[in-house]
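Here is a friendly note to read alongside the model. Please keep the structure open while going through the points.

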Amino acid sequence: MSAKSNAAFVARTNALVARFRRQRPLRGGSLLVTILGDAIAPRGGTIALASLIKLAMPFGLTERLVRTSIGRLANEDWVSFERSGRASFYSLTTNGRARFAEATQRIYGAPPLDWDGLWTMAIVPPALKSRRDDLREELLWLGFGQITPGVFAHPTYRESAISARLDELQSAGQLVVMKGSILSEAASANLVAMGWDLDDLGRRYKRFIDMFSPVEATLDDAGTAPVAGDIAFILRTLLLHEYRKIHLRDPMLPAVLLPEDWAGTDAQRLCRDLYAKVFPASEQYLSATVQTQAGALPAPAAEIFQRFGGLPAVDANIDGSRVA
């Protein structure tokens, strides 16, 4: 990367960091979830507290905030804690791995290309009124739209992990789940309007595009020149953090049910392309920076290279600061 291109890239990234650090309150737990899910889960799921503090420092998270935030995640059963001598280590729990697996399918997977016209309906029985709020949160997390206080719907329900969770809720007698067709396109459009605020979601996607398009442009100007590993990690983390907050609200409707010129399509392409450009350098930075109880991070799991339809391989022999 030329000196001019590098300066532009670093300046754009620093501007994004400054924007993040101006947020009040600065939500440390949310950023740690991004780091753990995106970077650590596919590489063994364990990290030394000192390494986590180092990774979080550029984003304005103090050591105290990291300790407090990771402690809360431990209390919520996302991670478990273990001490070895004077060092502390955190590992993803079974619950944490399961939640990250659900999110991974949605964040890095491809949008549905077709639709069979069938809707999945989930009904909360009146007898479960005391649990309605908990079930509502669970269904919204799974991407369902709320049609009425006790009725939820989704048109493309194929992800195995999500379907398994739905089956669990149904088998426990907590839900009535059915699948069927709608008699007209207008009726499907009405269900979409009742279940989701696509206008608001579209505006969020457009703001994401406005934030990260200038950074992508500086990398395009640089061609295939190397990217500094620490900056690549910072950009990758901010990119996924902002995209995750929006995309996990996205029900991933089939194209036939979306508005024309849907901003989510452009946002997904931008996130995919920019992520792929900084992925190798950021992985090598993690290899050089993060320690676990067993020493260095293990090699990335094969599944990570399937994100966004395929990512470039990482040369483990490079020291982590730069990638060609």
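1. Helices here are DSSP runs of H or I with at least four residues, strands are E runs of at least two, and both are numbered from the N terminus. Met252 is not a glycine, yet its phi is positive, about 55°. Its relative accessible area is 13%, so Met252 counts as buried. Buried means under 20% relative accessible area, exposed over 50%, and partly exposed in between, with a 1.4 Å probe and protein chains only.

2. A word on the basis of all this. The model is predicted, so local features need pLDDT of at least 70 and side-chain atom pairs count only at pLDDT 80 or more, while totals for chains, interfaces and linings use all residues. Residues are numbered from 1 along each chain as its sequence is written, and side-chain values use heavy atoms, with hydrogens and water left out.

3. Is Asp261 buried or exposed? Asp261 counts as exposed because its relative accessibility is 76%.

4. Please look at the loop between helix 1 (3-21) and helix 2, where Pro25 is found. The peptide bond joining Arg24 and Pro25 is cis, with omega about -5°. Helix 2 itself is mostly covered, with 11 of its 13 residues buried; among them are Leu31, Leu32, Val33 and Asp38.

5. On the whole chain: there are 11 helices and 11 strands, and 47% of the 324 residues count as buried. Among contacts (heavy atoms within 4.5 Å) between residues at least 6 apart in sequence, 80% join residues at least 24 apart.

6. Now the open sheet: 4 strands in the order 5-6-4-7, with antiparallel pairing. Two strands pair if DSSP finds at least two bridges between them. Strand 5 (145-148) and strand 7 are the edge strands, each pairing on one side only. From one strand to the next the twist averages 30°. Helix 8 (residues 185-195) packs on the sheet, touching strand 4 and strand 5, and its direction makes about 105° with that of strand 5. Axes are lines fitted to C-alpha atoms, for helices over the stretch in contact, and angles run from 0 to 180 degrees between N-to-C directions.

7. Strand 4 (residues 118-123) is joined to strand 7 (residues 176-181) by 6 bridges; Met121 has Met178 as its bridge partner in strand 7, and Ile123 has Val176. Strand 4 also pairs with strand 6 (residues 151-154) over 4 bridges, where Thr120 partners His154.

8. Pro126 lies in the loop between strand 4 and helix 6. Pro126 counts as exposed because its relative accessibility is 71%. Its C-alpha is 7.9 Å from that of Gly150, 24 residues apart in sequence.

9. Finally, the largest pocket contains about 1,200 Å³ of space. Of its 42 lining residues, Arg244, Lys245, Ile246, Leu248 and Arg249 are the closest to the centre. A pocket is an open set of points on a 1 Å grid over the protein atoms alone, where a 1.4 Å probe fits, with protein on both sides within 12 Å along at least five of seven lines; lining residues have an atom within 4 Å of a point. Grid points are joined across faces, edges and corners, and the volume is the space filled by probe spheres set on them. Helices supplying at least two lining residues each include helix 2 (28-40) and helix 10 (229-247).
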